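Biologist: I'm new to reading protein structures. Could you walk me through this one, step by step?

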Amino acid sequence: KEDVQAYVKAMLNRDGSSSRFDSTLNFPPWPSLDFSQYGETELQPLSRIKKISGPNLHRNWVMIPHVTQYEQADVTDIEAFRKATNEKYREEGVKLTVLAFVIKACVAALKKYPEFNASLDATGENLILKHYYHIGFAADTVHGLVVPVVRDADKKGLLQIAREMAQLASLAREGKLNPSDMQGASFTITSLGGIGGTYFTPLINAPEVAIVGLSRIATQPVWDGQQFRPRLILPLSLSYDHRVIDGAQGVRFVTYLAEVLADMKETLL
């Protein structure tokens with residue numbers, strides 16, 4: 001009994017940052033096999049981006065208690081407005097994407113639920129609420145995923161956000177992003193809709209506490225009280241840090257996000 005009490009006391013007296021966030025994981029050794037004994041093999045080095053992001057992703061998955069909440073958003077009206085706007089501004093070279101609308105909708109949801117726009121401090125005992133809205137978005141490149149950041153998204157219109165996203169995505173594909181272009185995000189959106197799929201489990205980008213994933217928009221029959229009507233449905237996957245956000249908050253956030261996307265006119269006003 002005395003040994004247990006002494007151990008607990010020693011752990012409590014350790015520096016807060018190390019006791020809260022460092023952990024010694026006594027995993028068994030990684031299996032080391034000669035795969036060539038089973039057939040032909042080829043050695044392919046990981047890309048630089050994957051070498052950098054891999055340890056961070058592993059840390060985030062191990063250290064953050066992830067919970068993922070799923071929801072569906074009716075984006076029929078958004079899609080009609082998006083197409084009309086792109087036609088109107090076609091000569092100017094501006095192209096609105098659904099992601100630009102999602103960024104604006106996320107800002108509205110973050111303002112309503114500020115704990116999602118926050119980070120834990122080094123002790124893990126306080127929440128740092130951020131009064132800025134820098135939204136990261138995952139961009140797919142031949143070398144791997146990078147996350148450029150649209151700064152002050154709350155102060156920008158849809159067209160400006162679309163322009164910045166296009167510029168940042170182009171720099172990402174060319175490998176010309178500056179480190180500052182990928183720093184300072186308070187919330188992240190990752191989209192796989194252009195590839196496919198329905199739902200997935202996005203990994204939180206520490207020190208953020210939540211991330212939302214977008215999957216492919218599909219036409220689905222939706223009951224309006226009298227009949228089924230074809231509607232465009234966007235699957236949403238919200239992962240959140242359960243140390244900061246409980247299940248009820250997670251449901252409220254993603255449900256509100258879906259409501260905003262279903263009626264963006266009110267939010268834009």
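This is a predicted model: local features need pLDDT of at least 70, side-chain atom pairs count only at pLDDT 80 or more; totals for chains, interfaces and linings use all residues.

Biologist: Then how many helices and strands does the chain have?

Modeller: There are eight helices and eleven strands. The C-alpha atoms sit in a box of roughly 70 × 50 × 40 Å along the principal axes.

Biologist: How much of the chain counts as buried?

Modeller: Buried means under 20% relative accessible area. Here, that applies to 38% of the 269 residues. As for the surface, the chain exposes about 16500 Å², and carbon and sulfur atoms supply 54% of that.

Biologist: And which residues touch the most other members of the largest nonpolar core?

Modeller: A nonpolar core joins buried residues such as Leu, Ile and Phe through side-chain atoms within 4.5 Å. The largest one in this chain has 53 residues, and Phe-187, Ile-189 and Leu-261 touch the most other members. Elements giving two or more residues to this core include α6 (158-173), β8 (187-191) and α7 (247-262). The top contributor is α5, with twelve residues.

Biologist: What is Leu-261 in contact with, leaving aside neighbours within four places in sequence?

Modeller: Among its partners are Ala-73, Val-75, Phe-101, Ala-105 and Leu-234.

Biologist: What about contacts across the whole chain?

Modeller: Take the contacts between residues at least 6 apart in sequence: 64% of them join residues at least 24 apart.

Biologist: Last one: how many positive and negative side chains are there?

Modeller: The chain has 29 positive and 30 negative ones, and the centres of the two sets lie 4 Å apart.

How values were computed. Residues are numbered from 1 along each chain as its sequence is written. Side-chain values use heavy atoms; hydrogens and water are left out. Buried means under 20% relative accessible area, exposed over 50%, partly exposed in between (1.4 Å probe, protein chains only). Helices (H or I, at least four residues) and strands (E, at least two) are DSSP runs, numbered from the N terminus. Contact means heavy atoms within 4.5 Å. Accessible areas come from the Shrake-Rupley method with a 1.4 Å probe; for residues, only the protein chains shown count as cover. Lys and Arg count as positive and Asp and Glu as negative; His and the chain ends are not counted. The place of a charge is taken as NZ of Lys, CZ of Arg, CG of Asp or CD of Glu.
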